Amino acid sequence: MTQKKLVIALAGNANVGKSVIFNYLTGLHQHIGNWPGKTVERAEGTLHFKGYMIDVLDLPGIYSLSTFSIEELVSREYIAVERPDLVINVVDASVLERNLLFTLQLIELETPMIIALNQMDMAERKGVEIDVEKLENILGIPVVPTVAIKGKGLFELLKEALDVIEGRVKTKPMEVRYGKEIEERIKKIARMVEKAKLRYPPRYVAVKLLEGDEEIKREVNKADPQIVATTENLTREVEAAHGHACTTLIASERCEIAGCITRETQRFVPPIKPTMEERMDAITTHRILGYPIMIISLLAVFYSIFTVGDYAAGLLEELFYGWKPIFESLLGVGVAGKLIWGGILEGFIAGILVALPYIAPFYFMLYVLEDSGYLSRIAFLMDNVMHKIGLHGKAFIPLMLGYGCNVPACLGCRIMETERERFLAAFATTLIPCAARTVIIFGLVGEFIGIQWALMLYLINLLVIFVLGRLAFKILPGEPTALIMEMPDYRMPHLKTVLKETWFRLEELIKVAFPLIIVSSLAVKLLEVTGILGPIAAILSPITVTWLGLPAIAGVTLIFGVLRKELTLIMLATLLGTTDFAQVLTPIQMVVFTLVTMFYIPCIATIAALIKEFGWRRALIITVFEIAFAIFTGGMALRLLTMLGI
Amino acid sequence: MELPLTALKNGESGIITSINIGGEGRHGMGRQFKHHMGSRYHTMRLEKRLMDMGLTLGTKVTVLRSAPFHGPLEVNARGARLILGRGMAERIFVRVER
């Protein structure tokens, strides 16, 4: 049986429950990739419904269809050029007016659409009542009330979607009309555009031209430069008459339309008692209490992850190494056996030992915090601090990710608005001690010198990030962006969405990092087998022995550390022939060794992530700088600590 | 009375009369911000983002609270709760009845 195919796109603002609907509709049949040539995520899934195979596409959460961000451009081009059979505009019922701004733009794009009026339960609790029928009549588009988190209304949504696609329900979207002055000019331009035959509807092009949309301007210019010239004249006329930019006027009028619709369809009766969510919100963003609560909750998250992780890692390790004799009996202990076990398999196992017990729960907790709305509160509280290093509150999120693993943290810097901020944030995240580095800090310094020294290293690390971040911010040319973000209401995290998110991050990590870990693990094993490690240690000795005061073989372990940071400790134990480091290293040596490991290059997987996001040159700059900085800091620490006689 | 958004007390509302991102804030707080505000594209982009979030001329904005240590402001505009960096909030001027 050949199935009829359909494409439906989900579009809407951030935090409206779009991905919950997407997950609900597509279940496990999902594919997350990137838009061709862009760093914007593209989530696609399939669904079978009433004899159709429906391809569902989850567009990025955006607030507009202009071209100031890649996400917006991608979404607009997709809707206008690839023309899905239907767009489902997901609207947050509790923030109707602001959400309608986007709906109006979709209507202007003249795409077939219906509306999912989501989070109806939240709206109700906040005292927002919406006359759905009236809203439907004004917009001329079917509106289906939903509570996606509970799966309510989604069947009706799909049915409505098919009714519209199959033509059983006729839609007659309202016309978005502006004030007389602007309207006349839109008509004039639209008439000219009609002849030029563009990918977008003429009226839409006219509005965007008046709004000064560069991308549309370029496209129109190719077709007919006369139109652009006329538009510029018309824009100047409007601006001279009103004293405000044409863009501002159009946006204001569009907002006014959304405001009118909202006033007609929405009744707001604020509840007398503050809701639970509101009380939690008040406490967690309290000017004094907010900070200790933040610190305690983050520490609790880290502590529980590392405690549970340690235990789980121990179990897994026993399991994997239990197979070693079996492999040795199969492959022998010759060179080939050593390469396969020690190179390929051990690389793989070690990757899993960090990814499964530490990073997976870490992501999970982080996405729970994000989905509940707490991360936005942290961004609010930390904005001021982040500004000191040229970033804003949102950058705190990739920095947090960095404590789990630097690779996804670097990729996570995409949430920043500009290239410069992405780079600054990525630079800062590579200095954050990830799970592997934490193993060293606690396994060496924490275990053999004292926990307070380990914590001290964390403080030093924060200080260094602050100073270096600030330096980079001063050196790099460009302008910082201010924080503009929505404060979502607190809500119960949606388990399925959180699990999906965790899995996709983990998958991304495995794709980027694992091949490199395994290949380089093999390469280093080759060096070892061929006996080149000794000479390398000798070459490095001026740095390791003379400047850093470490045993010569430490140089070898630092090379291994490039693969994965925790290998430095494992190798140190192997090469020194003991795990009781107190016998072979002085406390100062331990501190120096840990400091160097903490700061010198992000591991090979992080470098790969940096290359992917910023290109070779910038990845190299960060790498070289951090090696030099680590060696410098280590040497300075040695001299300082010796001088102080600690 | 026309005031920057940052001059409003918690719970106070005003109507947006101008958004002056290209210019200077009236108070010293946005200094770190000021010298970076050069490029026109950047300015347009920020203004556009504000408008997309519903902060246009004539919009009623209520300040809900501000983060400590001169941190960002939380405001309500068009039924949505937004967080605005202080440097940004300083450049949004509102008419207040006092």
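Two strands count as paired if DSSP finds at least two bridges between them. Helices (H or I, at least four residues) and strands (E, at least two) are DSSP runs, numbered from the N terminus. With that convention, I turn to the structure above.

This is a predicted model, in which local features need pLDDT of at least 70 and side-chain atom pairs count only at pLDDT 80 or more, whereas totals for chains, interfaces and linings use all residues. Residues are numbered from 1 along each chain as its sequence is written, chains are lettered from A and ligands numbered from 1 in the order in which they are written, and side-chain values use heavy atoms, with hydrogens and water left out.

I begin with confidence. The model scores ipTM 0.86 and pTM 0.85. The pLDDT, which is the predictor's confidence in each residue, from 0 to 100, averages 81 in chain B, with 82% of the residues at 70 or above. Residues 24–38 of chain B stay under 50. For that stretch the model has 32 contacts beyond four places in sequence, where contact means heavy atoms within 4.5 Å.

Next, chain A. In chain A, 7 strands make an open sheet with mixed pairing, in the order β2-β3-β4-β1-β5-β6-β8. Its edges are β2 (30–34) and β8 (143–145) of chain A, each pairing on one side only. From one strand to the next the twist averages 25°; axes here are lines fitted to C-alpha atoms, for helices over the stretch in contact, and angles run from 0 to 180 degrees between N-to-C directions. Within this sheet, β1 (residues 4–12) and β4 (residues 52–58) of chain A are joined in the parallel sense by 7 bridges, and A:K5 has A:M53 as its bridge partner in β4(A). Helix α5 (residues 132–139) of chain A lies across β6 (113–118) and β8 of chain A, at about 155° to β8(A).

Which strands make up the open sheet with antiparallel pairing? The order is β10(A)-β5(B)-β4(B)-β3(B)-β2(B)-β6(B)-β1(B), 7 strands in total. At the edges are β10 (484–486) of chain A and β1 (2–4) of chain B, each of which pairs on one side only. The average twist from one strand to the next is 40°.

Consider β2(B) in more detail. Strand β2 (residues 13–19) of chain B pairs with β3 (residues 60–66) of chain B in the antiparallel sense over 3 bridges. In β3(B), B:T62 is the bridge partner of B:S13, and B:K60 is that of B:I15. Strand β2(B) also runs antiparallel to β6 (residues 92–95) of chain B, through 4 bridges, with B:I16 opposite B:V94.

Finally, the interface. Chain B contributes 40 residues to the contact and chain A 45 residues. The buried area (accessible area, 1.4 Å probe, that two parts lose on being put together, summed over both) is about 4000 Å², and carbon and sulfur atoms give 60% of that area. B:R78, B:R81 and B:I83 supply 19% of the area that chain B buries against chain A, more than any other three residues.

How many salt bridges does the rule find across the interface of chain B and chain A? There are 4, a salt bridge being a side-chain nitrogen of Lys or Arg within 4 Å of a carboxyl oxygen of Asp or Glu. B:R81 and A:D489 meet in a salt bridge at 3.0 Å, N to O. On the side of chain B that touches chain A, the largest share, 10 residues, comes from α2(B).
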